[in-house]
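We will go from stop to stop, with something to look at each time.

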Amino acid sequence: MKVLIIVATAGEAARLAGVPAHVVVCGVGAVAAALTTQQELMQEPYDLAVSAGIGGAYPGSGLNPGDLAVSSLMAQADLGAVDGLPGQETFLSLEELGLSVQPDQPSDQPNGGIFPAWQGAQALAERLQHSGGQQSGLRVGYGPALTLSTVTGNVAVAHALAARFPGAMCEGMEGAGVAHAALRWGVPALEIRGISNPVGPRDRASWKLGEALAATRRGVEGLLGW
Ligand SMILES: O=C(O)c1cccc(C(=O)CC[C@H]2O[C@@H](n3cnc4c(=O)[nH]cnc43)[C@H](O)[C@@H]2O)c1
């Protein structure tokens with residue numbers, strides 16, 4: 001299987017050195033990720049496009065820093081509108097607004113920026129949990145991977161996002177961009193995130209970057225059968 005791996009930063013790419021896949025650094029954010037994915041898919045055919053790197057774990061995911069999240073879907077979770085008075089705001093998704101990221105979709109089936117993951121994702125998560133996980137204590141979660149342009153910085157918003165996406169595992173800033181570009185090329189997509197921090201109040205000093213990067217590599221190696 002020929003795999004394209006998109007990471008946001010050079011530090012994330014360095015920790016994937018030597019893996020048998022094409023690893024590309026896109027910069028931070030879904031737009032950067034989509035543009036880079038598109039550019040790579042235009043140049044060569046791939047069987048799978050993967051958004052990989054560090055990420056936050058949602059409350060209720062059961063994941064802690066150093067664990068691993070494998071996506072069941074990639075969602076651009078902040079696409080929509082906020083309605084209502086201050087303190088009583090509700091979020092309206094693109095689907096609720098009758099809008100779509102795919103202009104060719106029938107108007108009664110809008111795509112609100114939610115992209116299903118590669119069909120092998122769940123089996124990968126189970127395999128990683130049962131093989132590597134048992135030896136090293138690595139916990140592997142399988143569920144929605146949310147993409148946001150602004151990192152979530154408080155518990156209330158973290159819970160609201162987790163309520164909108166039941167079973168939400170992780171938050172990053174690129175996954176839906178990779179998935180959106182891949183969809184346009186008919187290439188399956190997947191997101192793999194090593195957990196660096198809980199989603200919520202910003203406490204950058206406590207992030208477990210080394211452990212998160214190691215978990216990301218474990219996930220990528222498991223995917224590539226390496
Ligand atoms: O200093 C900060 O507040 C800060 C906030 C977000 C990310 C960073 C980075 O240095 C890494 C950028 C990279 O990290 C991913 N990431 C990691 N944790 C989260 C999160 O809780 N929510 C969203 N994104 C996260 C993201 O994909 C970026 O590419 C520093």
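Which strand supplies the largest share of the shell around the ligand? Select S3: four residues of the shell come from this strand. Helices (H or I, at least four residues) and strands (E, at least two) are DSSP runs, numbered from the N terminus.

Before going on, a word on what you have open. This is a predicted model, in which local features need pLDDT of at least 70 and side-chain atom pairs count only at pLDDT 80 or more, while totals for chains, interfaces and linings use all residues. Residues are numbered from 1 along each chain as its sequence is written. The mean pLDDT (the predictor's confidence in each residue, from 0 to 100) of the protein chain is 96, and 98% of its residues reach 70 or more. The model scores are ipTM 0.91 and pTM 0.95.

**Stop one: the ligand**

Now show what surrounds the ligand: 17 residues, the closest being Ala8, Gly56, Glu171, Gly172 and Met173. A residue counts as near if its C-beta atom, placed from the backbone, lies within 6 Å. Colouring by class gives seven nonpolar, six polar and four charged residues; here Ala, Val, Leu, Ile, Met, Phe, Trp, Tyr, Cys and Pro count as nonpolar, Asp, Glu, Lys and Arg as charged, and the others, Gly among them, as polar.

**Stop two: strand S1**

Next select residues 3-7, strand S1. Four of its five residues are buried, so S1 is largely enclosed by the rest of the structure. Buried means that 20 or more other C-beta atoms lie within 10 Å of the residue's own, with C-beta atoms placed from the backbone. S1 runs parallel to S3, joined by four bridges, and Leu4 has Ala49 as its bridge partner there. Four bridges also join S1 to S2, again parallel; look for Ile5 opposite Val23. Strands pair if DSSP finds at least two bridges between them.

**Stop three: helix H2**

Select 30-43 for helix H2, whose 14 residues reach 20 Å from first C-alpha to last. Its buried residues are Ala30, Ala33, Ala34, Thr36, Thr37 and Glu40. Among the elements that cover them are S1, S3 and helix H5 (175-184).

**Stop four: helix H5**

Finish on H5, where eight of the ten residues are buried, so this helix is largely enclosed by the rest of the structure. His180 is one of the buried residues. Just after H5, click Gly186 to find a positive phi of about 70°.

Note on methods: Expected span 1.5 Å × (residues − 1). Buried ≥ 20, exposed ≤ 12 C-beta atoms within 10 Å, placed from the backbone. Contact = placed C-beta atoms within 7 Å.
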